[in-house]
Amino acid sequence: MYALITGATSGIGRAMAYLLAEKAYDLLLVARNEKNLKDLQTTLEETYNVKVQVQSVDVTKFIELNQLIDYIAEEKKQIDLFVNNAGVGFFGDFGQMSEEEDLVAIDTNIRGFTYLTKKVYPYLHSGSRVLQVASTAAFAPGPYMAVYYASKAYVLSLSMALRNEWKDKGIQVSILCPGPTKTDFIQKARMHKSGLAKLSAMTPEAVAHIGYKGLMKNKAIIIPGFTNKLSACALTLLPIRVSTLLVRSTQKNESK
Ligand SMILES: NC(=O)c1ccc[n+]([C@@H]2O[C@H](COP(=O)([O-])OP(=O)(O)OC[C@H]3O[C@@H](n4cnc5c(N)ncnc54)[C@H](OP(=O)(O)O)[C@@H]3O)[C@@H](O)[C@H]2O)c1
């Protein structure tokens with residue numbers, strides 16, 4: 001079995017790499033930082049006796065994504081499991097945040113994500129499984145993290161549509177929607193300034209484990225943790241005006 005994981009060097013992606021290696025998958029791991037990739041490759045190969053390949057790729061750059069696809073083509077392998085996980089977000093007032101941050105989030109979570117999904121498709125086969133990593137942020141607008149929430153709503157919508165389209169081909173698509181998770185994402189996204197960061201967060205290992213189990217059961221949407229399930233359910237049922245207020249009340253900028 002051969003698995004491709006993006007964002008594999010940290011947090012949820014890294015936990016997924018360990019979990020799949022333990023389950024004897026050969027791996028193709030993708031992130032930008034080459035040293036982190038090589039260190040992880042060595043550790044996983046030594047610990048689990050699996051073949052681990054690494055490719056340093058920035059998913060916001062189509063040239064690098066095309067090089068990744070060429071590499072997969074040269075390997076003449078089909079992908080049994082694809083974890084489309086790389087993602088970024090930034091906390092702050094939309095009007096005051098730099099447009100660069102907005103664009104990095106859009107280029108990573110939407111453009112790169114979509115392009116890679118499409119380009120990987122020819123290497124999937126009947127029986128392949130795809131885990132698209134969204135967030136509970138996908139279920140409502142998110143004041144103070146507006147672009148990130150909107151990007152994850154896109155991930156959920158696109159992926160549910162593909163789940164439907166690809167069912168006929170025997171390709172299974174599931175969407176993982178974690179709530180707050182103890183990873184570097186929280187610092188990088190400045191979420192320590194958000195009230196949300198004060199809520200209890202899950203470990204990336206627990207999220208990866210639940211994600212894998214849900215994927216194997218062909219669940220459409222996988223929400224790890226009871227509280228996250230409850231809040232996702234409430235956000236979906238409430239009128240959008242009210243769900244936006246609710247997110248604002250938890251996400252409220254603590255730095256003000
Ligand atoms: N942590 C949370 O609270 C949380 C909650 C819900 C959903 N999520 C989602 O879960 C996914 C993983 O997040 P995480 O918490 O595990 O974050 P993380 O610890 O910050 O890890 C992000 C990973 O993505 C890679 N990455 C970032 N930008 C990239 C790019 N342009 N090209 C290639 N790789 C890139 C990073 O490696 P390099 O920097 O070396 O590229 C790293 O391996 C994301 O989609 C995130 O939106 C996270």
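Where is the place of Glu 75? Select Glu 75 and you land in helix 3, which covers residues 62-75. Helices here are DSSP runs of H or I with at least four residues, strands are DSSP runs of E with at least two, and both are numbered from the N terminus.

Before going on, two notes. Residues are numbered from 1 along each chain as its sequence is written. The model is predicted, with local features needing pLDDT of at least 70 and side-chain atom pairs counting only at pLDDT 80 or more, while totals for chains, interfaces and linings use all residues.

Stay on Glu 75 for a moment. It has 13 other C-beta atoms within 10 Å, so it is partly exposed.

**Zoom out**

The C-alpha trace spans about 50 × 40 × 30 Å along its principal axes. For 256 residues, a compact globule would have a radius of gyration near 18 Å, and the protein agrees, because it has 18 Å. That radius is taken over C-alpha atoms, and the globule rule is 2.2 Å times the number of residues to the power 0.38. Of the 256 residues, 42% count as buried.

**Helix 1**

Next, pick residues 11-22, which are helix 1. Nine of its twelve residues are buried, so helix 1 is largely enclosed by the rest of the structure. Color the buried ones, among them Ile 12, Arg 14, Met 16 and Leu 20. Then click Ala 24, which follows helix 1 and has a positive phi, near 75°.

**Helix 2**

Move on to residues 34-48, helix 2. Its 15 residues should span 21 Å at 1.5 Å a residue, and the end C-alpha atoms agree, being 21 Å apart. (The expected span is 1.5 Å times one less than the number of residues.) Which residues of helix 2 are buried? Select Leu 37, Leu 40 and Leu 44. They cover an arc of only 65° around the axis, which puts them on the same side of helix 2; the arc is that of the directions from the helix axis to the C-beta atoms. An α-helix has 3.6 residues a turn, so residues three or four places apart point the same way.

Helix 1, strand 2 (26-31) and strand 3 (52-56) are included in what covers those buried residues. Just after helix 2, Asn 49 takes a positive phi of about 55°.

**Around the ligand**

Now select the ligand. Of the 33 residues around it, Gly 7, Gly 11, Arg 32, Gly 87 and Phe 185 come nearest. Helix 1 and helix 6 (185-188) are the elements that give two or more residues to this shell. A residue counts as near if its C-beta atom, placed from the backbone, lies within 6 Å.

**Last stop**

Finish at Ser 243, in helix 9 (residues 240-251). Ser 243 counts as partly exposed because it has 19 C-beta neighbours inside 10 Å. Leaving out residues up to four places away in sequence, Ser 243 touches Ala 140, Leu 235 and Leu 238; contact means C-beta atoms, placed from the backbone, within 7 Å.

Notes
Expected span 1.5 Å × (residues − 1). Buried ≥ 20, exposed ≤ 12 C-beta atoms within 10 Å, placed from the backbone. Contact = placed C-beta atoms within 7 Å.
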